[in-house]
Amino acid sequence: MWRRVASLSPLISSSISSYLNQAAYKFKIWESFTTDIPTQAKGGLFSKGKAPFITFVLGGPGSGKGTQCAKIVNNFGFKHLSAGELLRREIASNSEYGAMILNTIKEGKIVPSEVTVKLIQKEMESSDSRRFLIDGFPRTEENRIAFEKITGAEPDLVIFFDCPQEEMVKRVLNRNEGRVDDNIVTIKKRLIVFEALNLPVINYYSKRGKLYTINAVGTVDEIFEQVRPVFAGISCELAVPISPTSYD
C-alpha cells in the first residue's frame, strides 16, 4: 500500500502544502469550538476512575474498519466511537462549527485535531464503558499528539486495516450512504492525504509494539477471523470478565 505514496509524490506534496496552509483556518475553528467544551481538568481524562482500555482503529476510507468494529462490539463488548460519525453528528446539528467542519470535509481537508479530540473526549466521559474502539483516529501525527496532550492517555492497542486503493475506492462508491464526501474526486483526495499523513502514525505505533496489521481483503467473516484472536487474548487479560453473549 505504502509504495503508492512515492508514485503520487507531486500530488502528495501539493496536498500536504495545502494542509499546512490551513493552520490559521483550523485554529479559528478550534478557538471557537472549544468555548463550548470545557478543557480537561488536571489529572487526565480518566482521573475519576479506573483507566480504560483504548484501541485505535486505523485504515483508509472503505477499508472496512467500521464493519469490523461492529463485530468487535458484538463479540467483545467494546464501545465503538467513530471519529467521522461524531463529526457528521456535529454537522447535522446545524451549528456554526458544524458548518465549518462541513466546508473543511468538502474541500478534502482534515478537521482540526483538537476539535475531533474534544468530540471523542466528550463521548468517552459520558459513557459507562471502559473499553473503547476509536475508529478513524488518529490520521496524522498532529492528531496523535493532540489526543495524548488533551486526554492524558495513550492507546493500549492499534489495529490497522491494510487495503489496496482500488478496493477502497470501489467499496466507498458502492456503499451509497448519501455522504457528502463520497464522490470519486473527493475519495481520491482523501486517499492521497490519508496515505501521506497516516504512515508516520503507523510507523510510530509499530515501533512501540502496539500495532496489529490486518489484511482487509476478503469477506467480512474472513477478515474478522484475523481480528478475533487479537481481542480474544485481550479480553482474557481485562480486570472485568466480558461475556460476549450479553452484547448480542
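Axes here are lines fitted to C-alpha atoms, for helices over the stretch in contact, and angles run from 0 to 180 degrees between N-to-C directions. The model is predicted: local features need pLDDT of at least 70, side-chain atom pairs count only at pLDDT 80 or more, and totals for chains, interfaces and linings use all residues. Residues are numbered from 1 along each chain as its sequence is written, and side-chain values use heavy atoms, with hydrogens and water left out.

**View 1. Overview of the chain.** The chain has eleven helices and five strands. These are DSSP runs, numbered from the N terminus (helices: H or I, at least four residues; strands: E, at least two). Of the 248 residues, 50% count as buried. Buried means under 20% relative accessible area, exposed over 50%, and partly exposed in between (1.4 Å probe, protein chains only). Among contacts with a separation of 6 or more, 82% join residues 24 or more positions apart. Contact means heavy atoms within 4.5 Å.

**View 2. Helices α8 and α10 pack together.** Two packed helices are described by the angle between their axes and the distance between the axes. Helix α8 covers residues 141–151 and helix α10 residues 184–207; they pack at about 55°, with axes 8 Å apart. The two helices are therefore oblique to each other. Angles under 35 degrees count as roughly parallel, over 145 as roughly antiparallel, 65 to 115 as roughly perpendicular, and the rest as oblique. From α8, E141, R144 and E148 meet L197, P200, V201, Y204 and Y205 of α10. By class, this contact has five nonpolar, no polar and three charged residues. Ala, Val, Leu, Ile, Met, Phe, Trp, Tyr, Cys and Pro count as nonpolar; Asp, Glu, Lys and Arg as charged; the others, Gly among them, as polar.

**View 3. The open sheet.** Five strands run in the order β2-β3-β1-β4-β5, with parallel pairing. Two strands pair if DSSP finds at least two bridges between them. The edges are β2 (79–82) and β5 (211–215), each pairing on one side only. Neighbouring strands are turned by 20° against each other on average, direction ignored.

View 4. In β1 (residues 53–59), seven of seven residues are buried. In a regular strand the side chains alternate between the two faces of the sheet. On one side of β1 lie F53, T55, V57 and G59, on the other I54, F56 and L58; all are buried. β1 pairs with β3 in the parallel sense over five bridges. F53 stands opposite R131 in β3. With β4 (residues 157–162), β1 also makes a parallel pairing over five bridges. Here V57 has I159 of β4 as its bridge partner.

**View 5. Helix α5 over β2 and β3.** β2 and β3 (residues 131–135) pair in the parallel sense over four bridges. H80 has L133 in β3 as its bridge partner. α5 lies across β2 and β3, at about 60° to β2. The buried residues of α5 (residues 83–92) are A83, G84, L86, L87, E90 and I91. Seen down the axis of α5, they fall within an arc of 165°, so they line one face of the helix. The arc is that of the directions from the helix axis to the C-beta atoms. N94 follows α5, with a positive phi near 60°.

**View 6. R130 in a loop.** R130 sits in the loop between α7 (113–126) and β3. At 30% relative accessibility, R130 counts as partly exposed. Its C-alpha atom is separated by 7.9 Å from that of K79, 51 residues apart along the chain.
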